[in-house]
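Subject: Structure for your set-up, with notes

Dear colleague,

Please find below the structure that I promised to hand over. My notes on what was found in it follow directly after.

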Amino acid sequence: MGMSVTISAASAQDAEHILKLQYLCYQNEAELYGDYTIEPLTQTLDDLRAELDHGHGLVARLGDEVVASVRGSIDATGTARIAKLIVHPRMRRHGLGGRLLDAIEVHFAGEPAAQRFQLFTGHRSEGNLRLYRSRGYAPVSTEQTGPRLRVVTLEKQASAGAYVASA
């Protein structure tokens, strides 16, 4: 490839690229669960822009191309909710998802500092579960949200001073 991947804050101009990438990335999840009406596939551009306005988003770029993204927000209880970690299929298995997860944690560790990080995935999404567990997340609940889908919520406590802004 010759180029390195850079991670930066998502801008309003990135929204359309993120939405297209999100649609591509969630096809496997939709197929896995037999449900093409999952929220990442039906989200509108306006909804995504609102998410970015009310939270924080990161993008990973290879040159000018957005090849990965993650979003999140922090609530009044100090829970940083991380969502929609996506990596272009051709860029998977190179550590990019872990880099983005680390980078969003670093961001939320510095705001009014997060007390905990929380995210969720489907019960059959083994790659996601493996990544999250490798980063210290543990399941805290499971909820049946459809005939074939159980959503697993994972969480880890934020530890003061444990994050270095190396992402």
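In these notes, a residue is called buried when its relative accessible area is under 20%, exposed when that area is over 50%, and partly exposed in between, with a 1.4 Å probe and protein chains only. Please keep in mind that this is a predicted model, in which local features need pLDDT of at least 70 and side-chain atom pairs count only at pLDDT 80 or more, while totals for chains, interfaces and linings use all residues. Residues are numbered from 1 along each chain as its sequence is written, and side-chain values use heavy atoms, with hydrogens and water left out.

To begin with the overall fold, the chain contains six helices and seven strands, where helices (H or I, at least four residues) and strands (E, at least two) are DSSP runs numbered from the N terminus. Along the sequence, these elements come in the order β-α-α-α-α-β-β-β-α-β-α-β-β. The radius of gyration of the chain is 15 Å, which agrees with the value near 15 Å for a compact globule of 167 residues; the radius is taken over C-alpha atoms, and the globule rule is 2.2 Å times the number of residues to the power 0.38. The C-alpha atoms fill a box of roughly 40 × 40 × 30 Å along the principal axes, and 43% of the 167 residues are buried. If a contact means heavy atoms within 4.5 Å, then 62% of the contacts between residues at least 6 apart in sequence join residues at least 24 apart.

Turning to the charges, the chain carries 18 positive and 19 negative side chains, and the centres of these two sets lie 7 Å apart. Here Lys and Arg count as positive and Asp and Glu as negative, with His and the chain ends not counted, and the place of a charge is taken as NZ of Lys, CZ of Arg, CG of Asp or CD of Glu.

The structure holds ten salt bridges, each being a side-chain nitrogen of Lys or Arg within 4 Å of a carboxyl oxygen of Asp or Glu. One of them joins the side chains of arginine 61 and aspartate 14 at 2.4 Å, N to O. This pair links distant parts of the chain, with arginine 61 in strand β2 (residues 56-62) and aspartate 14 in the loop between β1 (5-9) and α1 (15-25), 47 residues apart; both arginine 61 and aspartate 14 are buried.

A further salt bridge connects glutamate 51 and arginine 71 at 2.5 Å, N to O. It too links distant parts of the chain, since glutamate 51 lies in helix α4 (residues 45-54) and arginine 71 in strand β3 (residues 65-74), 20 residues apart. Glutamate 51 counts as partly exposed because its relative accessibility is 28%, whereas arginine 71, at 3%, counts as buried. Arginine 81 and aspartate 75 also meet in a salt bridge, at 2.8 Å, N to O, and salt bridges that share partners join Glu39, Glu51, Arg71 and Lys84 into one network.

Most residues other than glycine have a negative phi. Arginine 93, in the loop between β4 and α5, has a positive phi near 70° and counts as exposed at 80% relative accessibility.
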